[in-house]
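Here are some notes to read alongside the model, written as a colleague might jot them down. Keep the viewer open and go through the points in order.

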Amino acid sequence: MSPPKRLLLATVAVLSGCPGGHPEPATRDASFDVGPAHDAGGLDGDAIDAPLPDAGADVPDWIGVTHGTLKLRPSSALPTGRAAILEAAQNEWEPFQIAFDGGASGRTITSVTPRALTGPGGATIPEGQLFVYAERLIDVASPSSVEGAAGAWPDALVPAVDLIFDQPRNALPIAIPAGELRAVWIDVLVPADAPAGDWVGAVDIVAGTETARVPIRLHVFDFALPSTPTLRTVFGGPGDAPCVAHHDGAWTGGQWNACADTDPDGNGDRLTEHYRTLYMQLALEYRMSVQGTYLGPRTVADLVHFDDLYGGLLDGTATRHLTGSALTTLQVEFNGPPSTARAQLMTDHVADRGWGAMLFDYTTDEPEGQGTCPGTGSCAVITDRASTVSTGGMRPLVTAQLRYAEPNGFASAVDILVPIINYTRALESGYPYQPRSAYDAWLLGDARRVLFWYQSCISHGCGGDRGVCGNAGEDVRGYPSYVIDASAVQGRAMEWLSFTHDVTGELYFDTAYALSTAWDDQCAFSGAGDGTMFYAGTTERIGGTDDVPVASIRMALIREGLEDYEYLHILSTRGGDADARSIATTLFPEVDSVSVRSGDDLLTARHMLAVAIESR
């Protein structure tokens, strides 16, 4: 039974805020502790019963179970949970992890087999809706920040069966050295029509002659998430990088040439587009809109190829599992100077097809840092291009703060402003901060205007370009971060802050920046993995008969954050905006208060949102 609203508010009051400034990551607010059920990924509350006393009692002590908002390193303590205790909405991915201790002599996991879940009225979630991944370790040469650490970190998610071709891959066996820990990641995709209520299932484990069965208990809430996110995203890439990574192995000879040399007909475009769309398709399974750097068509006839290439990504038919997931944004590039006529051609075509993606031109990137505008007053390089594309119906996007756009004369010409998340803090002497409220008047000036934001190396400490790892000596703490050695909460927090700050979109500069070397070296901009979220899944590396992109734990955490945003949005639209904001701001009071929280803290807040939704 769902609690009345007054009980929800009392629960919210229990949560206390984080200290301001840059909290130490070891700090933990004890008010978030909710009992031993969390060791198994469970949550207290009326929406799901506490685990049965014997749930997982027969699971051997070399197996531990926990939720997905925790990064399990080889030296991590084995989680104490013995059962997966999950909560999810309909049409939601919900992850958990099963960890294995290598013991005194090592251990090899040879089989991880999920069983179907059984729910209300005998309904089933088939085993094909549970997806198993081996968490492959990536070496971090130097800490990305004062909160990070060198050494092996779990990141690449090598599938047992991939999400694109449904081909078996070589996620297993997993050899675990003595005294170390390894883990598998398991995603449950709850069907959109799954009856609300409690479900039970299991995962069977085989390690040589040892066997075990890990129980699963899932509570499905009585509301569904949309397949296409409400919060728009712009994740850069992949451009030519996938074709190079899959067929050349190094950034040499020119990207197009590498792909052309591999294609039997010397058609570099065909191979480039093949891999580009595969990466975009996999991202949609994670609810992420990855840009394909499409060169806009010049004629109506060119639109036929555009539809063949991108149509399924825009109409929601490309994904094989998260049905209906479609791009929320689409960047159109011009091969040469932008043209109003070509912008109009694309704008009309997308509108005629009924596609919901926001069409935009990446007009200028970080003009302040690059010195794009020669002085105050006017900045023709931005205003002229913005006028050209906006006259054609396309939205010009510039990554800049309003405090820079206004004196340089392009604030009124741009439809999408994208400041850095770190600079949206309250005004502080000596820092270039501009609070979110400063953008309200600009947004009200034109109905087409929207505010996105982005995170960058500033979240960990900026350093050099490609090949540079280790922070730049900056004491940077507490921000959302997508580097490998950031905490799982830092990788999932961005979307909570987007809701509380009324930001309608998120941008990230690239997902394939160091794709060719991702398995061995992702150092860039002083961060491990900054700008690289995929791995090249060649058949030589992961098996199967077709190359595929391999996702990362960081992508899964972004997906979880996008789903968290839907909880907040649904509660808000059902008349609970004040409750949604109270829960979210108590969890993350400010943009630099993220790393003080644990995964348990976040899941507790998410549970409270679900209870509040069901009470309305």
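**Notes on cavities, pocket and core**

1. A cavity here is a set of points, on a 1 Å grid over the protein atoms alone, where a 1.4 Å probe fits but cannot get out, and lining residues have an atom within 4 Å of a point. Grid points are joined across faces, edges and corners, and a volume is the space filled by probe spheres set on the points. Please keep in mind that this is a predicted model, in which local features need pLDDT of at least 70 and side-chain atom pairs count only at pLDDT 80 or more, while totals for chains, interfaces and linings use all residues. Residues are numbered from 1 along each chain as its sequence is written, and side-chain values use heavy atoms, with hydrogens and water left out.

2. The largest cavity holds about 90 Å³ of space. Its lining includes Tyr133, Leu157, Leu282, Tyr286 and Val548. Two elements, β9 and β25 (548-550), each give two or more residues to this lining, and β25 gives the most, with three. Helices (H or I, at least four residues) and strands (E, at least two) are DSSP runs, numbered from the N terminus. By class, the lining has eleven nonpolar residues, no polar ones and one charged. For these classes, Ala, Val, Leu, Ile, Met, Phe, Trp, Tyr, Cys and Pro count as nonpolar, Asp, Glu, Lys and Arg as charged, and the others, Gly among them, as polar.

3. What lines the second largest cavity? Among its lining residues are Ser144, Ser145, Glu147, His460, Asp485 and Gln490. The volume of this cavity is about 60 Å³, and its lining is made up of two nonpolar, eight polar and two charged residues.

4. Now for open space. The largest pocket has about 940 Å³. Of its 46 lining residues, Tyr362, Asp365, Glu366, Phe509 and Asp510 are the closest to the centre. Elements that give two or more residues to the lining are β14 (232-235), β16 (329-333), β17 (358-364), α7 (367-370) and β21 (505-508). A pocket is an open set of points with protein on both sides within 12 Å along at least five of seven lines. The lining divides into 24 nonpolar, twelve polar and ten charged residues.

5. The largest nonpolar core has 163 residues, of which Phe96, Ile98, Phe100, Ile205, Tyr286 and Phe410 touch the most other members. Helix α14 (residues 553-587) gives the most to this core, with 15 residues. Apart from it lies another core, of eleven residues, including Met358 and Tyr454. A nonpolar core is a set of buried Ala, Val, Leu, Ile, Met, Phe, Trp, Tyr and Cys residues joined through side-chain atoms within 4.5 Å.

6. Leu568 counts as buried because its relative accessibility is 0%; buried means under 20% relative accessible area, exposed over 50%, and partly exposed in between (1.4 Å probe, protein chains only). Leaving aside neighbours within four places in sequence, Leu568 is in contact (heavy atoms within 4.5 Å) with Trp496, Phe499, Ala580, Ala584 and Leu609. Trp496 is 72 residues away along the chain, yet the two C-alpha atoms are separated by 8.0 Å.

7. Is Glu92 buried or exposed? Glu92 is buried, because its relative accessibility is 0%. Glu92 sits in the loop between β2 (84-90) and β3 (93-101), and a polar contact of 3.1 Å joins its side chain to that of Arg606. A polar contact is a pair of N or O atoms within 3.5 Å; within protein, one must be able to donate a hydrogen and the other to accept it, and residues adjacent in sequence count only if both atoms are side-chain atoms. Beyond neighbours within four places in sequence, the contacts of Glu92 include Arg287 and Tyr567.

8. Some backbone details deserve a check. Arg287, in the loop between α4 (268-285) and β15 (294-295), has a positive phi near 65 degrees. The peptide bond from Leu172 to Pro173 is cis, with omega near 5 degrees, and so is the one from Gly237 to Pro238, with omega near -5 degrees.
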